[in-house]
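Subject: Structure for your review

Dear colleague,

I am handing over the structure below, together with notes on what was found in it. Please read the notes with the model open beside them.

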Amino acid sequence: MRLPLLTLTAIVTLFVAADASAQTYDPRYPVCMHVFTTGGFGGGGDFFDCSFTSLPQCRVSASGRSASCDLNPYYAFDEPPPPPPRKRHKKVY
């Protein structure tokens with residue numbers, strides 16, 4: 001009795017598990033365009049086009065389309081350098 005129950009549990013688990021999606025952002029570019037599409041037969045969807053180096057460049061490409069431009073959350077923006085250390089003066093007695 002245990003074997004059919006375990007087999008049934010394994011099959012149900014495989015059918016219930018959701019598909020894993022790959023990373024949709026390209027970490028080489030700082031700006032992504034989120035394009036919304038309408039598909040045939042009731043299926044719609046969207047995708048990300050991360051091939052832009054600036055927001056104005058992305059906005060020109062998104063003009064007239066069902067799309068929006070956002071900063072890429074996976075892009076490693078350069079951080080400003082830390083401030084130089086403070087000079088310490090010696091006290092003279």
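Is Cys58 buried or exposed? Cys58 counts as buried because its relative accessibility is 0%, where buried means under 20% relative accessible area, exposed over 50%, and partly exposed in between, with a 1.4 Å probe and protein chains only.

Before the rest, a word on conventions. The model is predicted, so that local features need pLDDT of at least 70 and side-chain atom pairs count only at pLDDT 80 or more, while totals for chains, interfaces and linings use all residues. Residues are numbered from 1 along each chain as its sequence is written, and side-chain values use heavy atoms, with hydrogens and water left out.

The sheet

Three strands form an open sheet in the order S2-S1-S3, with antiparallel pairing; helices (H or I, at least four residues) and strands (E, at least two) are DSSP runs numbered from the N terminus, and two strands pair if DSSP finds at least two bridges between them. S2 and S3 stand at the edges with a single partner strand each, so one side of each has no neighbour in the sheet. From one strand to the next the twist averages 25°, with axes taken as lines fitted to C-alpha atoms (for helices over the stretch in contact) and angles running from 0 to 180 degrees between N-to-C directions.

Strand S1 (residues 31-38) is joined to strand S2 (residues 44-52) by seven bridges; in this pairing Val31 stands opposite Phe52, and Val35 stands opposite Phe47. Between S1 and strand S3 (residues 67-71) there are five bridges, again in the antiparallel sense, and here Met33 is opposite Cys69.

The disulfides

Over the whole structure a search finds two disulfides, a disulfide being a pair of cysteine sulfur atoms within 2.5 Å. One of them is formed by Cys32 and Cys50, with sulfur atoms 1.9 Å apart. Cys32 lies in S1 and Cys50 in S2, so this pair ties together parts that are 18 residues apart in sequence. The torsion about its S-S bond is about 105°, so the disulfide is right-handed, and both Cys32 and Cys50 are buried.

Cys58 and Cys69 also form a disulfide, with their sulfur atoms 2.1 Å apart. This pair links distant parts of the chain, with Cys58 in helix H2 (residues 55-62) and Cys69 in strand S3, 11 residues apart. The link of Cys58 and Cys69 is left-handed, with -95° about the S-S bond, and Cys69 is buried at a relative accessible area of 17%. When the bonded cysteines of the protein chain are numbered in sequence order, the pairing reads 1-2, 3-4.

Asn72 lies in the segment after S3 and counts as buried, at 2% relative accessibility. Not counting residues up to four places away in sequence, Asn72 touches a set of residues that includes Tyr25, Val31, Cys32, Cys50 and Phe77, where contact means heavy atoms within 4.5 Å.

Kind regards
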